[in-house]
Amino acid sequence: MFKLRTIGKNTLISLTIAAMTVTAILAVLEIYFRYQTPFHTISWPARFDPTVGFIFQPGAEVRWTNHLDFWTVQRANRWGFLDREPADTPADPTECRIAFIGDSFVEAAQVPVSDKVHVVLEKLARENASDMNIATGAFGHSGTGQLNQLPFYDEFARKLQPKIVVLVFISNDFANNSSVLEALRHGWDPDHAPRLFASRDPAGQAVLRPIDPKWNESMLDARPKRQSIRSILHDRLIKQSAFYNWFYAKQALLHPAIARFLSGADARADLTSYRARQLASRPPYQGIVKDGAPLRELDLDNPFDEKRMASVFQDAVEYTGFAFDQFLLRAKRDNFRLVVLAESILSPNSESWRSFQRLADLLKVRGIPLVSQRAYIESVDGSLSKARFEHDRHWSSQGHRWAAEAMLTFLLK
């Protein structure tokens, strides 16, 4: 009996010492990461505007980090974009104003404003082609496609009277132009979306579908499910611990299975599949779960690289073409030239060559010039990996510079 008590006592002491050691190590790591990183809490003050969709709260501070490569602090301008304040004066007749419109690559929350493609283009033009007298502005917000970006031009960029409008095209823009695919991604009702989309009229022609100001009253059923203890603990640690943010970000990149376990994602319902089944019960959307159509969120952006696509993806490509048509109508009305800049993953020499070809085909028949960032990088023997952050698919400062150089090369020609 005495021996058992002694063993138990020694075991308890050992466990206590081990727990104290682990706690001390974690405390040291937490202190280290808190002092090493500028901040660990993200601030993303987006707001819904019924005329344009989602933009930032004007004047709000945006803090963005992936906890590995960048920690940026920016302030939205009075129009709700991460850019300098827009010009107040009418355009000088000798000035060439260029509006860059796009998604997160134009928003560019990962780099300071001075490193963004449009600002770098201004600097390069002053140094190499001062007679162009270029002035630029950027209108970008994450997750948008060209259809969603039409209000960015109508409500904001048009006021600058641009002579050139550059649409920055990303591989996932095809899906972003589909109200159905975005409904599967976000849980919006495709008939009542918070962004501008398109649909078919009775004659089968594409028509714009206005933003629904009451979109949040018509969400798809999210099938509420009690959060697991892991997911609750994960959410709290993400908000409070700098070390855990770093550790989780690393696991998500190197060991996704561990990251899913930590976040409790493996215990959550596959909402994308559930939403697809909901939509399939409606006559207009019965085909979305047929012919290899998406049932998981990971499939929403990838099928555009495949030889054969389900009808929902083909519709997305056609709606993308319709978006270009809408921009061309505005170009004719407002006397500007439309250009598309394709980011580096889209190239005839990449794994996404089919997506690139689909984009190139849409532009060719419409006479819209296509500028390839990747082609430029290869022409100067640049390293494609340096165009992006090591742990993030968005452009690094070097990627923005190469995009600006590609645009300047096009303009000089």
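In helix α6, the buried residues are Ser-179, Val-180, Leu-181, Glu-182, Ala-183, Leu-184 and Arg-185. Here "buried" means under 20% relative accessible area, with exposed over 50% and partly exposed in between (1.4 Å probe, protein chains only). Heads-up: this is a predicted model, where local features need pLDDT of at least 70 and side-chain atom pairs count only at pLDDT 80 or more, while totals for chains, interfaces and linings use all residues. Residues are numbered from 1 along each chain as its sequence is written, and side-chain values use heavy atoms, leaving out hydrogens and water.

**Helix α6**

- Seven of the eight residues in α6 (179-186) are buried, so the rest of the structure largely encloses this helix.
- Helices (H or I, at least four residues) and strands (E, at least two) are DSSP runs, numbered from the N terminus.
- The cover over the buried α6 residues includes α5 (173-176), β8 (197-200), β9 (206-209), α10 (271-280) and α11 (311-334).

**Aromatic pairs**

- The whole structure has 18 aromatic pairs: Phe, Tyr or Trp rings (six-membered ring for Trp) with centres within 6.5 Å, called stacked if the planes are under 30 degrees apart, edge-to-face if over 60 and tilted for the rest.
- Phe-81 and Phe-156 pair edge-to-face, 5.3 Å centre to centre with 85° between the planes.
- Phe-81 sits in the β4-β5 loop and Phe-156 in the α4-β7 loop, so their pair ties together parts 75 residues apart in sequence.
- Phe-169 and Phe-174 are also edge-to-face, at 5.1 Å and 70°, and both are buried.
- Ring pairs join Trp-79, Phe-81, Phe-139, Phe-152 and Phe-156 into a cluster.

Methods
Contact means heavy atoms within 4.5 Å.
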